[in-house]
Amino acid sequence: MGWRRAAASVGAPTLRVHDLRHTAASIWLAQGADPKVVQRVLGHTTASMTMDLYGHLLDVDLWTAAGKVGGISGAFPATSGGDEEAPGQ
């Protein structure tokens, strides 16, 4: 069975193989995979290229890290869950 017929049979006639690639990369990075590993799996020339495409997925992690460091220094109140939000959110 061809790709188009398979995609149509599951109710997603416009789904492309490339869409699955983006989904996989997004899930890996969101779950903390090393960007260098994801770069190699995807065949990107550099990890910078991978991060240019998917780096927005890590913004929440940046605020979590900032909250942990701030909690240690007293500059930002630490929470027990490590789920600090960015200012203004």
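1. Helix 3 and helix 4 are roughly perpendicular to each other, a label given to angles of 65 to 115 degrees. In this predicted model, the axes of helix 3 (residues 35-42) and helix 4 (residues 47-54) cross at roughly 95° and come within 8 Å; axes are lines fitted to C-alpha atoms over the stretch in contact, with angles running from 0 to 180 degrees between N-to-C directions, and helices are DSSP runs (H or I) of at least four residues, numbered from the N terminus.

2. On the helix 3 side, Pro 35, Lys 36, Val 38, Gln 39 and Leu 42 meet Ala 47, Thr 50, Met 51 and Tyr 54 of helix 4, where contact means heavy atoms within 4.5 Å.

3. Helix 2 (residues 17-30) also packs with helix 4, at an angle of about 95° and with the axes 11 Å apart, which makes helix 2 roughly perpendicular to helix 4. His 22, Ala 25, Ser 26 and Leu 29 of helix 2 make this contact with Thr 50, Met 51 and Tyr 54 of helix 4.

4. The structure holds 1 salt bridge, meaning a side-chain nitrogen of Lys or Arg within 4 Å of a carboxyl oxygen of Asp or Glu. Its partners are the side chains of Arg 16 and Asp 19, at 2.7 Å from N to O. Arg 16 is partly exposed at 46% relative accessible area, and Asp 19 is partly exposed at 22% (buried is under 20%, exposed over 50%, partly exposed in between, with a 1.4 Å probe and protein chains only).

5. Residues are numbered from 1 along each chain as its sequence is written, and side-chain values use heavy atoms, leaving out hydrogens and water. Local features need pLDDT of at least 70 and side-chain atom pairs count only at pLDDT 80 or more, whereas totals for chains, interfaces and linings use all residues.

Notes: Helices (H or I, at least four residues) and strands (E, at least two) are DSSP runs, numbered from the N terminus. Angles under 35 degrees count as roughly parallel, over 145 as roughly antiparallel, 65 to 115 as roughly perpendicular and the rest as oblique.
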